[in-house]
Amino acid sequence: MRGFLASSIGVTCAAALALPLTLPAAAAPAPASAPAPAPAAQPASGARSASTTAVPDLPGSTQSLPLTPRTRDRTLGAAPEQGLTRADVHRFSLVGVTWSDPDTELRGQVQVRTRATGTGEWSGWQDIDTHNEDHGADPGTAERDSGHVHGSTAPLWVGDSDGVDVRVRATGAATRTVGNTVGNTVGNIDEQPSSLPTGLHLELVDPGAAQAPTAGARPATTNRTATPRLAATEIPALSKQATERELVALGGKAQPYIGPRPRIVTRHGWGADEKLREKGFVYTKKVKAAFVHHTATGNNYRCSQAPSVIRGIYRYHVKSSGWRDIGYNFLVDKCGTIYEGRAGGVAKAVMGAHTLGFNTNSMGIAVLGTFGSAKPSSAAVTAIAKLTAWKLGLYGVNPRGKTYLKSGGGNLYRKGKNVRLNVISGHRDGFATECPGRQLYGKLGSARSTSARYQGR
């Protein structure tokens, strides 16, 4: 093992899968070495991210613009509305709305229209998904209680734009999400629309242009402990037999059922600026379940744009929502390409911020898109099956099985309750939410069966 890692191939391998594959109970959380940066906006002129020796300059910026009240019908019961119209902003491709208190739900409608760069044409009005409180770190964790977290909508991919018009209208009484009870709300519940959350801001995210691979970069087989100049852009696929051999060669425990390792585009491969996130990683003991999500960013992207979409989500999660890193452990595009999400090692039990109350001993897989009425591609569903067959197989877990997870608190299960769940579950199984959308949720049975078949069950 030591000799293997000392070789040049082994060093590259060590840059993609963090080992050991499991951690002893006493070593589960690895504290971050620095606090998360405050999610303050970068100036509209477009600040540039600092470069590292591994990644060339990754341009990107976040413009955070306060919303203002808009005059509407002032008769009794008229819904409060805030908005903003700007035609002089720095170019952006992804939008969202944030507010001060992460425990306050935005009970209302958020719509946006944007002006395309180059053509100058304005889009029609698009809805932004406001039900995003079901994502994020668990109550009582360091990430949740950092003081940097904001309430936020889901981000929406709008393409290259330089003008924006947004309107936010209350449609119901505002409530506060309470992490350790079921259905407990705080607020005056009546038939009159409530005020909107305080501190509403429009977030305009420029994910930066795609970068050419760094000189010397190469495919890898294992997580970023190698020298930066050898940073891998992808982890290549392996056959089932080769996956089993590598697991044993790298000091892992042989598993009777493990799926072939799929190709995974690394964070370096999709252009993650590692200066954005917190340093250090946080781990749990094992991976017992996988929660499937949709990003609710819309379906209007090309597969070649998927790295840009992910960079936009990453920047939005960190700079706008105040999380320590992107929330999902993995992401999948409509062409079935799998991407590494939260940093810490694709083979390790990295704690994400994807399913409020159930981030411990689980992983989150997000399919890029919105799948309430639109059907996910067969390539994306197959990618979920391949990824879960491999990752769950590392921990000896049957994709068709059931497991128990202890709730960290949410609107569906009280804190501390042991909940029996499918090993491959939808986000809505752990939290009352529409995610991952009706159409994607309906494909999870097929994903379970296919995943188990890849494992040889």
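Mentor: Start with residues 18–57. pLDDT stays under 50 over that stretch. The model still has 98 contacts there beyond four places in sequence. Keep in mind that this is a predicted model.

Trainee: Where else does pLDDT stay under 50?
Mentor: Over residues 1–15. For that stretch the model has 30 contacts beyond four places in sequence.

Trainee: And what is the mean pLDDT of the protein?
Mentor: The mean is 82. Of its residues, 76% reach 70 or more.

Trainee: OK, packing. Which residues touch the most other members in the largest nonpolar core?
Mentor: F330, I365 and W390. That core has 32 residues. At least two residues each come from β12 (289–294), β13 (330–332), β15 (362–367), α6 (378–394) and α8 (444–454).

Trainee: Which of these gives the most?
Mentor: α6, with eight residues.

Trainee: Zoom in on I365. What is I365 in contact with, leaving aside neighbours within four places in sequence?
Mentor: A290, F291, V292 and H293 are on the list.

Trainee: What about a second core?
Mentor: There is a separate one of 22 residues. Its members include L84, F92, V110 and L156.

Trainee: Back to β12. How many of its residues are buried?
Mentor: Six of six. The strand is covered on both faces. A289, F291 and H293 are buried on one side. A290, V292 and H294 are buried on the other.

Trainee: Why do the residues split into two sets like that?
Mentor: Because side chains in a regular strand alternate between the two faces of the sheet.

Trainee: What does β12 pair with, and in which sense?
Mentor: β12 pairs with β15 in the parallel sense, over six bridges. It also pairs with strand β18, residues 424–426, in the parallel sense, over three bridges.

Trainee: Which residue in β15 is the bridge partner of V292?
Mentor: I365. That residue is also in the group that touches the most other members of the largest core.

Trainee: And on the β18 side, what stands opposite A290?
Mentor: I424.

Trainee: Switching to charges. How many salt bridges does a search of the whole structure find?
Mentor: 14. One of them joins E143 and R342, with the closest N and O atoms 3.0 Å apart.

Trainee: Are E143 and R342 buried or exposed?
Mentor: Both are buried.

Trainee: What about R267 and D325?
Mentor: They form a salt bridge too, with the closest N and O atoms 3.2 Å apart. The pair links distant parts of the chain, 58 residues apart. R267 sits in helix α4, residues 267–270. D325 is in the loop between α5 (306–320) and β13.

Trainee: Why does R267 count as buried?
Mentor: Because its relative accessibility is 0%, and buried means under 20%. D325 counts as buried as well, because its value is 2%.

Trainee: Which residues are linked with them in a network of salt bridges?
Mentor: E274 and R277.

Trainee: Last one: R86 and D88. How far apart are N and O?
Mentor: 2.5 Å, in a salt bridge between the side chains. R86 counts as partly exposed because its relative accessibility is 25%. D88 is exposed, with a relative accessible area of 55%.

Conventions: Residues numbered from 1 in each chain as written. Predicted model: local features only at pLDDT ≥ 70, side-chain atom pairs only at ≥ 80, totals over all residues. Heavy atoms only, no water. Core = buried A, V, L, I, M, F, W, Y, C linked by side-chain atoms within 4.5 Å. Buried < 20%, exposed > 50% of the residue type's maximum accessible area, 1.4 Å probe, protein only. Helix = DSSP H or I, 4+ residues; strand = E, 2+ residues; numbered from the N terminus. Contact = heavy atoms within 4.5 Å. pLDDT = per-residue confidence, 0-100. Pairing = 2+ DSSP bridges. Salt bridge = Lys/Arg side-chain N within 4 Å of Asp/Glu carboxyl O.
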